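This report describes a few parts of one chain. Look at the sequence and the model before reading on.

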Amino acid sequence: MKSGSNLERVIMSGRPAVTAELGPPMSADPHEVMKKANILRGFCDAANITDCQTAVVRMSSIAAAVIALREGLEPVMQMTCRDRNRIAMQADLLGAAALGLKNCLCLAGDHQKFSAAGKLKGHPGAKNVYDVDTCQLVGILKKMRDEGLQEGGDKLEAAPKLFVGASWTPMADPIDFRPVNLLKKVNAGADFIQTQGIYDVEGFRSQMEKIRNMGLHERTAILGGIIVPKSAMMLKYMDSSVAGVSVPKSLINRMNKAKEEAGDDKKKAKELQEAEGIKITVELIHQVLETPGVRGVHIQAIEWESAIEKIVKAAGLYPRPDIPEV
Amino acid sequence: MIIGSQKPIEEIWDMVKDFKKVLVFGCNTCVAVCHAGGEKEAETIASLIRMRAAQEGKAMEVNHMGVMRHCEPEYFDPVLDEVRKYDLVLSTACGVGVNFLSERIGNVPVYPGINTSFYGAVEAPGRFVELCAGCGNCILHLTGGICPVARCSKTLMNGPCGGTNKGKCEVSQEIDCAWYLIVERMKKLGTLDRLSEVLPARNWSTSRDGGPRRVSLEHIREYEEREEKKVEQAGGKKQ
Amino acid sequence: MAPLKAEEYPKPYRPYGADIKETRPYSPCRAACPAHTDVQAYVGLIAQGRYNEAFEVITSVNPIASVCSMICHHPCEQACRRCAIDEPLAVRHLKRFAIEKSADYRRNKRRLVEKTKGKSVGIIGSGPSGLTAANDLANFGYNVTIYERHPVLGGMLASAIPPYRLPREVLKEDIDDVTAKGIEVRTNCEIGKDVKLKDLVGKHEAVLIAIGLSQSRSLNIPGAEGPGVMLAIPFLEDVAFDRKPKLGDKVLVIGGGNVAMDVARTARRLGVEDVSMVCLESAEEMPAWKWEVDEAIEEGIRINHRWGPKAVRREGDKVLGLEVVKVKSVFDQSGRFNPSFDNDVTTVLDADTIIITIGQMSDLSFLKDSSVKLDERGRVVWDPATQMSSARGVFVSGEVVTGPGSAIAAVANGHRAAIAVHLFCQGEGIEGRLPDQEKEKISQMPADVAGKIEREPRLAIKHIAPEVRCDSMVHFEIGYDEEEALKEAGRCRACGGGAVVDQKKCMACLTCMRVCPYGAPVVASVSEIRPEYCQACGLCSPECPAQAISMVSYDVREIRNTMHQIIGAIDQKRQEPVIAAFVCTHHVGVFGFDLPKNVRAVPVHCTSRIDILDMLKAFESGADGVAVVRCDNTICKYRGIEHRVSARVGRVKELLGMLKIGSDRVELLPVKSGNGGNPYASVCEDFSGRIKQIGLRQSK
């Protein structure tokens with residue numbers, strides 16, 4: 001065992017792993033995190049604690065992760081390359097490990113201009129760091145954990161035992177380079193991969209075929225990304241505006257139909273669409289898990305953590321296995 | 001070359017309004033090519049300041065002048081006495097020129113008349129693009145001649161990130177994804193396989209770091225320093 | 001006038017850019033002019049309505065400008081690069097317009113020139129060459145005396161050129177300019193008869209013989225002696241001095257040169273209906289200018305080509321006709337004049353009066369037994385390098401030594417002689433110091449450039465109808481009116497007046513190369529704008545970020561530096577806005593430059609050369625509004641400039657916005673001509689109205 005985390009244990013057991021996502025609040029109040037942790041607890045093997053996602057200031061990933069851990073939910077702390085140089089990153093990783101965190105997902109991070117897709121002011125004038133990139137951060141983590149060395153070469157008295165993950169967008173441009181992109185992350189030391197949300201299952205499967213041919217599915221655990229659709233509008237937005245995501249027309253039509261069934265009743269429209277969204281999600285989970293080489297799913301119910309329970313149950317992934325530490 | 005861009009007149013006015021005699025001093029090399037700070041733009045800025053002063057009813061003498069470069073003393077030395085007659089020099093050279101002239105002019109303040117934008121190329125008349133960040137450690141041979149330091153929004157060394165959207169950067173549809181370009185270019189060059197290697201964390205110490213960077217050519221400095229010493233010993237003054 | 005140093009040559013009026021021009025190849029018109037009149041400069045000035053300055057440019061090198069404006073054979077036109085496009089510019093006629101427009105200016109500026117040299121020069125002859133030398137030497141500060149055998153000055157201009165070509169009052173203007181400088185004039189004074197050459201040489205430090213070719217050659221054929229047969233010069237002199245020569249009803253002129261044309265056409269004007277000519281040459285070979293021939297034919301004069309005179313048929317005192325023999329060829333194989341005849345083919349041309357016009361020569365009888373040597377053929381021995389005869393201090397100039405030529409060539413030679421005399425009087429060497437005649441000139445217009453230029457036929461010079469003009473000696477040509485002149489001047493492509501790069505400032509940024517519609521600039525280490533390509537549109541100059549490009553002619557910096565004067569003092573209590581209107585002198589400018597009082601017209605060669613800075617300068621000088629009035633795209637002479645000009649106006653709008661002066665205070669106003677009235681005056685008025693609405697600018 002590299003870290004002994006619950007996530008690692010489930011993956012190593014060969015059963016499909018389930019991760020979810022917990023977005024920390026723009027708040028100093030721990031209760032929001034506690035509340036969400038309680039909603040998710042028991043329905044996933046670990047939950048990602050995002051790191052100022054969409055380039056908006058939120059409670060730090062490490063702090064929120066520790067709060068979640070105390071609530072009995074295993075966190076996957078996220079770390080972006082945007083805000084810290086390698087000194088801060090390594091210091092934070094040591095601290096995180098010391099506080100009991102066992103999983104870390106490495107990301108480039110949304111650019112500071114993103115500002116929640118323009119919904120919030122954010123800090124577009126901030127200076128980004130990008131001292132190292134995702135691959136390099138993965139490499140740094142691996143070196144710290146496995147060699148007990150800092151990036152600069154200095155020794156660590158106690159190495160941080162972290163299960164190292166990285167994100168991967170299977171279907172963004174340039175599409176034929178994406179497998180190489182994954183290869184690099186695996187070579188750098190990624191133990192697990194969480195992919196960008198998959199709607200176009202056919203496209204994902206064809207990328208996975210290449211991955212299998214490269215043998216990458218055996219060197220890392222790929223968790224297929226599932227973004228729970230809430231409305232037709234959201235699907236359309238994802239299709240048109242989110243990099244590497246394309247949503248088949250049929251799915252959008254299904255959502256539209258659900259919306260139309262409600263007529264002018266807005267509340268009902270919301271309910272019907274949410275119900276359809278959960279249905280779609282469950283179907284997607286099955287399709288993704290059926291794809292050879294996939295070792296689990298990463299379910300993102302953005303600002304809708306309460307849906308996870310229903311989804312995981314409907315997908316037949318409940319209860320989550322309890323694999324004791326060796 | 002160095003690309004500059006003009007400052008709003010109000011910002012300039014705030015800088016110059018308390019001076020009586022102002023010289024707008026143009027630089028006729030890089031910043032002239034990009035129509036930001038050559039002699040012509042210096043004259044334009046001088047005209048704008050005069051008009052602004054007239055609006056405020058302020059008596060102000062504003063003239064303009066230009067030399068080939070502000071970053072080599074030989075170019076401005078011949079006019080330095082003239083330049084020193086002013087209360088303020090508004091240099092429309094790049095920041096290099098402003099610093100350099102400021103250190104050599106004596107007790108006259110030198111203010112920046114333009115913004116120094118980047119190192120760029122003339123993509124098309126009137127369109128300039130940043131292609132190099134001057135990081136001091138060139139890796140263009142590894143990236144198909146396309147610089148991820150200057151051209152990737154995140155300066156990723158192992159891109160692209162997941163934000164590439166139809167060849168564009170997640171920051172804006174106006175920005176090409178540098179890594180998309182790198183991959184496409186290397187595909188064409190038949191060197192795509194080189195991108196499979198993880199480029200290690202960079203040594204950024206050659207970039208902006210630890211005071212001004214200097215390049216000193218020993219074979220030239222050795223001789224020059226001997227000459228400078230001779231002049232000093234002979235009682236001459238070193239500029 | 002300030003005393004001149006020995007080295008000083010007559011300083012011509014120097015328009016803006018003249019110094020740069022001197023270092024560059026001449027425009028073909030200027031190079032072709034024997035006096036190197038800067039045609040491009042004065043035509044440009046005319047186009048801008050700057051007639052007095054045009055006059056200055058012309059007269060700076062030509063003291064008989066009025067004469068030339070009437071009779072010059074204008075080699076400038078033959079050299080005009082517009083020939084490659086359509087037709088040459090009507091340069092001579094434009095010169096006439098400018099001179100007539102500046103008549104008052106000219107008269108007012110006549111004044112005495114101080115005699116500072118304390119030395120005197122005697123000039124024999126007052127034709128173009130003598131008059132020019134007198135003018136220059138007076139300018140230098142010498143005491144000049146002219147000796148003229150006729151009662152008036154002007155030489156052949158006064159005595160032989162018929163008044164229908166050169167009205168005497170026109171000649172008088174030129175002569176008055178020269179004599180006003182303080183020249184002693186001795187008319188009715190023939191050297192050798194009234195005064196001896198020896199006396200002149202004793203009296204003056206130097207003597208210049210400029211007597212021209214005032215004697216007609218005669219023909220040595222049977223019957224030529226006797227009544228009814230005349231020589232050209234005495235005939236023309238009789239006409240000039242109103243001595244009414246007796247002509248019959250059938251006049252035959254022998255000769256095919258320009259003087260023969262003068263003679264024939266004069267005869268027509270003396271009431272002879274039947275005037276014919278006979279010459280050795282074919283129509284193509286005739287030495288007379290084609291336009292002279294055409295005009296003569298219009299006047300009903302018949303020309304018998306390729307016949308050689310053999311004998312005058314007469315009965316006693318009565319001439320019956322001229323027996324002529326067929327010409328086989330005029331020139332031999334090496335192109336020399338060497339006629340051969342077919343003696344088997346003869347005919348008789350009916351005539352009762354025959355006028356022989358086969359060439360002129362000088363009357364050099366007064367030089368017999370003098371120190372001025374003649375060669376075996378009776379010509380004056382001289383040194384073209386010093387303009388001096390074999391007698392020290394006795395100089396020669398003009399046709400007496402150069403042979404038959406044009407008035408303007410005699411002027412050029414007169415200038416040379418004046419410098420030679422001056423150097424001699426100052427005890428300095430002459431050889432190698434007289435100006436060269438040959439000048440490097442701009443080469444032919446490249447075909448791709450010619451293809452980009454609009455075809456615009458030359459504005460025809462109007463003549464009095466032949467049936468009317470033959471009734472009198474009245475000048476037969478009608479001058480341009482202002483609209484015509486401005487239109488014609490606008491045809492000039494300003495060869496040599498275009499863009500030049502200051503190589504010290506150029507940093508090879510390629511802007512000019514990108515901007516130029518004609519591909520004129522080539523940029524190696526620095527930019528070089530090829531004059532044979534440049535059309536002087538001026539588009540490049542304002543775009544140059546290093547201000548390295550200036551225009552030889554019409555540089556707007558000339559305007560920019562005087563903008564304060566153009567705008568004038570701003571009345572704080574004014575009711576009407578002060579408008580600066582940059583007006584294109586093409587098309588829209590041809591209506592003259594009269595605008596409403598509150599509009600300050602700034603004529604420019606093309607709005608393409610208006611810089612952002614010029615517009616700003618107008619505002620800086622207090623203008624309430626700036627109008628850039630350009631020709632509509634359909635008529636603009638420089639295709640494709642509109643976007644750049646409008647971009648500049650747009651930039652000024654932006655800057656005015658930044659300054660909170662108001663971006664509406666500047667406008668680009670394209671104007672179509674041909675809708676009657678003065679279209680650009682009306683757009684200026686409308687614009688002025690809009691500015692009034694916005695309000696007048698207040699200064700603190």
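A residue counts as buried when its relative accessible area is under 20%, as exposed when it is over 50%, and as partly exposed in between (1.4 Å probe, protein chains only). C:L656 is buried, with a relative accessible area of 0%. The model is predicted: local features need pLDDT of at least 70, and side-chain atom pairs count only at pLDDT 80 or more, while totals for chains, interfaces and linings use all residues. Residues are numbered from 1 along each chain as its sequence is written, and side-chain values use heavy atoms, without hydrogens and water.

C:L656 belongs to helix α26 (residues 642-658) of chain C; helices (H or I, at least four residues) and strands (E, at least two) are DSSP runs, numbered from the N terminus. Leaving out residues up to four places away in sequence, C:L656 touches C:F619, C:I661, C:G662, C:S663, C:R665 and C:V666, where contact means heavy atoms within 4.5 Å.

Helix α20 (residues 482-489) of chain C has buried residues, among them C:E484 and C:L486.

| Element | Residues |
|---|---|
| α3(C) | 39-47 |
| α4(C) | 51-59 |
| α7(C) | 91-101 |
| β18(C) | 462-463 |

Chain C also holds an open sheet of 5 strands in the order β6-β13-β7-β8-β9, with parallel pairing; two strands pair if DSSP finds at least two bridges between them. β6 (229-231) and β9 (302-305) of chain C are at the edges with a single partner strand each, so one side of each has no neighbour in the sheet.

Note on methods. Chains lettered and ligands numbered in written order.
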